[in-house]
Amino acid sequence: MSHTAVNRALRTGLRAVLIALMVGLITVMSTQIVMRYGLNSSLLWSEELCRYMLIWAAFLAMIFAYERGEIAALSILANALPRKGALGLAIFGGVLSALMCFMLAWYGYRFASLAGGQPIPAISFIYGDIFGADAPEAPKVFWVYAALPFGMALLGLRIVFDIWLYLKAWTSGRTLADIVSPERGLSQ
Amino acid sequence: MTIYVLAFLGFMVIGIPIAFSLGLASVAYLIVNDQFHLMIGFPQKMIAGIDNFVLLTIPFFILAGNLMNSADLTRQIVRFAQMLVGRVRGGLAVVNVVASMMFSGVSGAATAEASAIGSIMIPAMRRDGYKPEYAAALTAAGSILGPLVPPSLALILYGVLTGTSIGDLFLAGIAPAFLLCGLLICYALIKARREDHPVPEPVPANERLGLTIKALPALLLPVIIVGGIRSGVFTPTEAAAVAAVYALFIGVFLYRTLSLAKIGAAFYETATMTAGVMLIVAMASMTSFILGIENIPQAIAAGLLDFSTEPWVLILLLNVVLLFLGLFLEPLAALVLVMPILNQISPLIGIDPVQFGVMVVLNLMIGMITPPVGLCLFIVAAIGKLRLERVALAVLPMIGICMIVLALVAFVPAVTLTLPSLLSGSTP
């Protein structure tokens, strides 16, 4: 029971972060338009900040996109195979996909460490506006690129969870079609 | 390269999601070719593929569409279409097409369109005695209008990948969309006469004014977007943000159907759908990196030119190749893959990049309504609870209609370029 509670808490949290990012995006863009036309002074940092929010929103939400079957897959072979064959194929595909996600997460982390040494310019501007000359140093670009390893690791874990479901179905005698939820309609 | 293609096809056939198959095949390529140290290039390419200011239009346009849809706008549009065109034989089929056309101005993706219009029109047509596979197929064909009418996610991505003006691309898609819409209506009318489809009840006179008032703001949205971009008032990204805010205002103040919970859900849906798009773009960026390593774009361009230098032969050849790719690939992934190649070829053909963009997008969109990977076909079949094969068969004549429009787009520049050039003179 407790793992469903944790699961639900994680989902609610992630969902809240995503909504906040989208609200942030639309707010910054609207403010930018108002500033440019109404007050004739563009925000130096708005464009950059929006791009970073998009990167984070995209990688964080990939796990939900995967769950809902936003990414198409062929099911011809799985439909044609007997129960264990289909499940075995799903497990094999899942292992490969999860491996790829973890690999990308690892290399994404290395890339972020290598290339993310600069302070984020947009936040430096904002700090400069608020604090003036003695502004604290802005967070590093690492924290922008960190979205990729974080999102890919989440996605990988989600796929591992699916593999576990396939394995359970294998032993309990259920079929692949039984456990693929209706929301995954697209991937059928 | 053979390794890559075989790996990709293999992964896809065993049921790995197609976007993952693109990524996995890229990894497999690096392993087999002993170039694993290049793995570090993948995250960089994936982020670079997403990190683009113009791509921000995508979440904003998706948000505008989601807000309009959760404000129950789709139902208003369908009723409005029924009021306008619903009183002929086969009326509901015509309403389906016209409503798809109207919804296109709100939605930028064919899949969103297929599920929004399909969930209303397929049950409605079935109730009226239409064959369900016909209803589903017509909805799928109509959903192609979505990416042709502004806003269009595919045209945006094409613009990003080629540096073509988004405003011009948006304008160029409009005439082909009307053409396709008109031909689909003709088809529906002829079929109605032959199969004796019913004439629907007229919309009561006292509802008409209210319906018009409610449908107009939605129809204005593409005008605001294109007008704003073309007149130079907004950048495409700003126009997209304005569209989203506009949709929010209409939903909250005009329709009064948007609660806070619905708005929250629409924002969340938007993040999820955006992530779906970005995942595809990111994974395809890995493949495009591999293609770059192997100089494939240059090789294919050279090969094509060896084959022929006659522009019309090359255009025909490109269409065949794109249609073939569209059978297997999701349009946005296909765009990321083929544009580096096509960027080499299009200047040699001497085709206008705006016309070329509409042609490429239409090609790939036709793949959305053909098996084996036709997302719109999957969606309408799921809504109608039909077997995919039946819908795929019913959609065949409509694919023929799409081909006619495609041929006109490919070989008659005026079809796409008249509108952008007409409106370029009037801009300040």
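The legends below describe close-up views of a predicted model. Local features need pLDDT of at least 70 and side-chain atom pairs pLDDT 80 or more, while totals for chains, interfaces and linings use all residues; side-chain values use heavy atoms, without hydrogens and water. Residues are numbered from 1 along each chain as its sequence is written, and chains are lettered from A, ligands numbered from 1, in the order in which they are written.

**View 1. The interface of chain B and chain A.**
Chain B gives 61 residues to the contact and chain A gives 52 (contact: heavy atoms within 4.5 Å). Together the two chains bury about 5,200 Å² (accessible area, 1.4 Å probe, that two parts lose on being put together, summed over both). Carbon and sulfur atoms carry 83% of that area. Three salt bridges cross the interface (a side-chain nitrogen of Lys or Arg within 4 Å of a carboxyl oxygen of Asp or Glu). One pairs B:Glu269 with A:Arg68, with the closest N and O atoms 2.6 Å apart.

**View 2. The side of chain B that touches chain A.**
Four residue pairs, both members at pLDDT 80 or more, are in polar contact between chain B and chain A (N or O atoms within 3.5 Å; within protein, one must be able to donate a hydrogen and the other to accept it, and residues adjacent in sequence count only if both atoms are side-chain atoms). Elements of chain B that give two or more residues to this side include helices H1 (2–13), H4 (57–70) and H13 (260–293). H13(B) supplies the largest share, 17 residues. By class, this side of chain B has 47 nonpolar, 11 polar and three charged residues (nonpolar: Ala, Val, Leu, Ile, Met, Phe, Trp, Tyr, Cys and Pro; charged: Asp, Glu, Lys and Arg; polar: the others, Gly among them).

**View 3. Aromatic pairs.**
The whole structure holds 15 aromatic pairs over all chains (rings of Phe, Tyr and Trp, the last by its six-membered ring, with centres within 6.5 Å; planes under 30 degrees apart are stacked, over 60 edge-to-face, the rest tilted). A:Phe64 and B:Tyr268 are edge-to-face, because their planes meet at 75 degrees, with ring centres 5.3 Å apart. The pair joins two chains, since A:Phe64 lies in helix H2 (residues 46–67) of chain A and B:Tyr268 in helix H13 of chain B. A:Phe64 is buried at 4% relative accessibility, and B:Tyr268 is buried at 13% (buried: under 20% relative accessible area; exposed: over 50%; partly exposed: in between; 1.4 Å probe, protein chains only).

**View 4**
A:Tyr127 and A:Phe131 both sit in helix H5 (residues 121–131) of chain A, four residues apart, about one turn of the helix. A:Tyr127 is partly exposed at 24%; A:Phe131 is partly exposed at 41%. Elsewhere, ring pairs link A:Trp106, A:Tyr109, A:Phe142 and A:Trp143 into a cluster.

**View 5. Cis peptide bonds in chain B.**
B:Pro150 and B:Pro151 are joined by a cis peptide bond, omega about -5 degrees. B:Pro151 lies in the loop between helix H8 (132–143) and helix H9 (153–162). Another cis bond joins B:Pro371 and B:Pro372, omega about 5 degrees. B:Pro372 lies in the loop between helix H17 (353–366) and H18.

**View 6. Positive phi in chain B.**
B:Asp34, a residue other than glycine, has a positive phi near 55 degrees. B:Asp34 lies in the loop between H2 and H3 and is exposed at 66% relative accessibility. B:Arg256 also has a positive phi, near 55 degrees. B:Arg256 lies in the loop between H12 and H13 and is exposed at 69%.
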